[in-house]
Amino acid sequence: MVTYSYAYNGPTDKIARAMGKDLPISMRASMEICKYLRQKPLNRAKQILNDAINLKTPVPFNRFTDGAGHQSGFGPAKYPVKACTKILELLESAEANAHNKGLGKDLKIVHIITQKAPKAFHYGRQIRRKMKRSHLEIVLAEYTPVQKKAK
């Protein structure tokens, strides 16, 4: 059996990690969401995902634009509700890991990546249809927010 480890190679002190294996989400949707959330503060990322789940703000799709209608201010965009829900659960798990390690409240997504998981057949299907699966890993780190100077 193949062992799966983190692809993150940065410093390991003051970080929190979470990994989701064999998540039942589309690889394409998860790639676009990860690209959109990379290097964002945790609070902003959670707000983006909640807005996409509640169909308020779409996630811009740059690479896989088939069926993505034009959304004002975003270009081609979609509302990938299922993928956003699973990624939000994993973000909350990474946040809980960070608080358990004693990290501060100002966290930033320094590494978020999705990889293709093995495709299993639907149970009981006669026509051998395969399921979509993805591995997802998230690494959070502390940062100091930049304060804007008052004029």
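My notes below take the sheets and then the helix contacts.

Entry 1, the E1 sheet. I noted before anything else that this is a predicted model. I then looked up the sheet that contains E1 and found three strands in the order E1-E6-E5, forming an open sheet with antiparallel pairing. Its edge strands are E1 (15-23) and E5 (107-116), each of which pairs on one side only. On average, and with direction ignored, neighbouring strands of this sheet are turned by 10° against each other. For the pairing of E1 with E6 (residues 134-142) I found seven bridges in the antiparallel sense, and I wrote down that alanine 18 stands opposite isoleucine 138 in E6. I also looked for a helix on this sheet, and H3 packs there, touching E1, E5 and E6, with its direction at about 150° to that of E1.

Entry 2, the E2 sheet. The other sheet I looked up is open as well, with three strands in the order E2-E4-E3 and antiparallel pairing. Here the edge strands are E2 (59-60) and E3 (70-71), and each pairs on one side only. E3 is joined to E4 (residues 75-78) by two bridges, the two strands running antiparallel, and histidine 70 stands opposite proline 76 in E4.

I looked up how H2 (residues 42-53) packs with H3 (residues 81-101), and the angle is about 155° with the axes 9 Å apart. Because angles over 145 degrees count as roughly antiparallel, I recorded H2 and H3 as roughly antiparallel to each other. The crossing in which H2 passes H3 is left-handed. From H2, the residues in this contact include Leu42, Ala45, Leu49 and Ile53, and they meet a set in H3 that includes Val81, Cys84, Ile87, Leu88 and Leu91. By class, I have the contact of H2 with H3 down as ten nonpolar, two polar and three charged residues.

H1 passes H3 in a right-handed crossing. The contact is made by Ala29, Ser30, Ile33 and Leu37 of H1 together with Ala83, Cys84 and Ile87 of H3, and the residues of this contact divide into six nonpolar, one polar and no charged.

Terms used. Residues are numbered from 1 along each chain as its sequence is written. This is a predicted model: local features need pLDDT of at least 70, side-chain atom pairs count only at pLDDT 80 or more; totals for chains, interfaces and linings use all residues. Side-chain values use heavy atoms; hydrogens and water are left out. Two strands pair if DSSP finds at least two bridges between them. Helices (H or I, at least four residues) and strands (E, at least two) are DSSP runs, numbered from the N terminus. Axes are lines fitted to C-alpha atoms, for helices over the stretch in contact, and angles run from 0 to 180 degrees between N-to-C directions. Angles under 35 degrees count as roughly parallel, over 145 as roughly antiparallel, 65 to 115 as roughly perpendicular and the rest as oblique. A crossing is left-handed if the near helix is turned anticlockwise from the far one by less than a right angle, and right-handed if clockwise. Contact means heavy atoms within 4.5 Å. Ala, Val, Leu, Ile, Met, Phe, Trp, Tyr, Cys and Pro count as nonpolar, Asp, Glu, Lys and Arg as charged, and the others, Gly among them, as polar.
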